[in-house]
Amino acid sequence: MAAEPAAAAPAGALQRSQVDLVDFVDWSGVECLNQNTGHSLVNALKQGYREDEGLYLESDADEQLLIYMPFKQVIKLHSILIKGPEEDGPRMVKLFANKEHMGFSNVNDYPASDSVVLTTAHLKGKPVTLKYVKFQNVRSLTIFIEDNQSGADLTKVQKIALFGTTVETTDMKGLKKMEDH
Amino acid sequence: MVLEATMICIDNSEWMRNGDYSPTRLQAQSEAVNLICGAKTQSNPENTVGLLTMAGKGVRVLVTPTSDLGKILACMHGLEIGGEMNLTAGIQVAQLALKHRQNKKQQQRIIVFAGSPVKYDKKVLEIIGKKLKKNSVALDIIDFGEEDDGKPEKLKALLTAVNNNDSSHIVHVPSGPSALSDVLLSTPVFTGDGEGGSAFAASAAAAAAGGGSFDFGVDPNIDPELALALRVSMEEERARQEAAAKRAAEDAARQEKEGGEQSSSSRDATMAEPTNVLDPGTDAKGPDTMDDETALLEQALAMSMDDPRASQSGTASMGDTDMSEATHEDQELAYALQMSVQDTAKDSSSQTDMSKVLGDQTFVSSILKSLPGVDPNDPSVKDLLASLQGQTEEKKEDEPPKEDEK
């Protein structure tokens, strides 16, 4: 990935007011296929849970996971951060923008908007910059985790964080600056 | 109240001709399907149900998930029996049908009626189960019909592969007197993990069991006035029956000397009453059982000997019940009334008999011969006979001429 040297700073807002998009996730429509109900998606996505080492998202019948996240408004997605254990963490991850209600059967029918191969460095907390041009007008995001690092039967994910900007509303920080003037 | 899309897989293979579930296994399945559709739609009006058959020429989807009950019921007609059940293909097609449901917010559920033997191994079934679990499809298996070695284990393995958080169930229904649908009513297939459809299931169960759980088939919670009225009338009937039985016992002691038939008719009254009452009072009947048996025997004999007579005595006994009600204090009066009713009955019956007897000329002539001092060849006797017959003939002649005149 060519953008790796630029994305040096860990977590939080990266260059040029990229915000954590967790606030814009429409929780009522979030779905995760093949998750273990004891270790569900909230453990990896929600604010308090994802920081806790003990709580993680785990797959159920096999090692694949299909996560669907709609957003409250249109966003631009810049980068993604996935944290997980070294052995059971995800390896091949495909992202689909604006594809609703996908299933495991048709996940390979469409070309992915972007696909990422994670290394152990990424799983420790290094965000991955995506092809920004492909994610300019994102209403919903589907994350397909195809396999894991060690080829184990189950995949574990510690944390998933998305970074980008919103399209319609103005940046709140920008508003504050105006007021200061 | 779970929002759910359900696909029901029916087994219409050759094994379904069997009548161990009345009337045939296929009919039992149809009834169960009707009940399931009703329950699902009632628990949430936005629920949809679809139908497919697994045997026949191949897996065929009859109805895609819809909330229109009429469509589903219409498809149940004209189902043909034949072929072998293809369980794996059936489940896969059901999964596909659910995938293309219109409302993606609905949970997915498949209900399978597994009546014929399962020819797949455990491994194949487990793979199918895992696939269902991966796509978060719940599965209910109804194991009935053929009891194959290993069928319960295979289906159990399928269930454990699919089961996620106890949303999938398996029900074993052995063949027996109760209908398939009645057995299913109490299972989680209907009660839906203990919520929602239980109201429907409870009312249907009460109706189906014929009021087994409640005294009169009426839930006191739903209709207290009706239940109370039924209970009061029951108690009144029981009291009346006990009094009548006591009276009958005393009458019998007296009447046994007089004639067997009358005691049988009075017994007939007491016998008629218990059959009319829903829950016969056992206390009144206790001491009378032996007498009732002999009375029944007499009654049967009387009926076999002379049918018209017995029917007359039947009407007399109906009159007897009315009488006994009116005069329950004065038993001698009741007895007298009874006798008079009997006589009138006998008279009317005897009159009809008489006319028949007179009509038979040979019988008449034989009687006349037996009578002392009567010579059948005497012209006056002959004239009398002729006049009797002539009356009947005249009547007959009168009718046709009248018709001719018209």
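A residue counts as buried when its relative accessible area is under 20%, as exposed when over 50%, and as partly exposed in between (1.4 Å probe, protein chains only). In H3(B), the buried residues are B:Leu87, B:Thr88, B:Gly90, B:Ile91, B:Ala94, B:Gln95, B:Ala97 and B:Leu98. This is a predicted model, in which local features need pLDDT of at least 70 and side-chain atom pairs count only at pLDDT 80 or more, whereas totals for chains, interfaces and linings use all residues. Residues are numbered from 1 along each chain as its sequence is written.

**Confidence in chain A**
- Mean pLDDT, the predictor's confidence in each residue from 0 to 100, is 82 for chain A, and 83% of its residues reach 70 or more.
- Over residues 1-14 of chain A, pLDDT stays under 50.

**Helices H3 and H4 of chain B**
- Helices (H or I, at least four residues) and strands (E, at least two) are DSSP runs, numbered from the N terminus.
- The axes (lines fitted to C-alpha atoms, for helices over the stretch in contact, with angles from 0 to 180 degrees between N-to-C directions) of H3 (residues 87-99) and H4 (residues 122-134) of chain B come within 11 Å and cross at roughly 10°.
- H3(B) is therefore roughly parallel to H4(B), a term for angles under 35 degrees.
- Contact (heavy atoms within 4.5 Å) involves, among others, B:Leu87 and B:Ile91 of H3(B) and B:Leu125 and B:Ile128 of H4(B).

**B:Ala138**
- B:Ala138 lies in strand S5 (residues 137-143) of chain B.
- B:Ala138 counts as buried because its relative accessibility is 8%.
- Not counting residues up to four places away in sequence, B:Ala138 touches B:Gln108, B:Arg109, B:Ile110, B:Ser167 and B:Ser168.
- B:Ala138 and B:Thr6 are 132 residues apart in sequence and 9.3 Å apart in space, C-alpha to C-alpha.

Definitions and conventions:
Chains are lettered from A and ligands numbered from 1 in the order in which they are written. Side-chain values use heavy atoms; hydrogens and water are left out. Angles under 35 degrees count as roughly parallel, over 145 as roughly antiparallel, 65 to 115 as roughly perpendicular and the rest as oblique.
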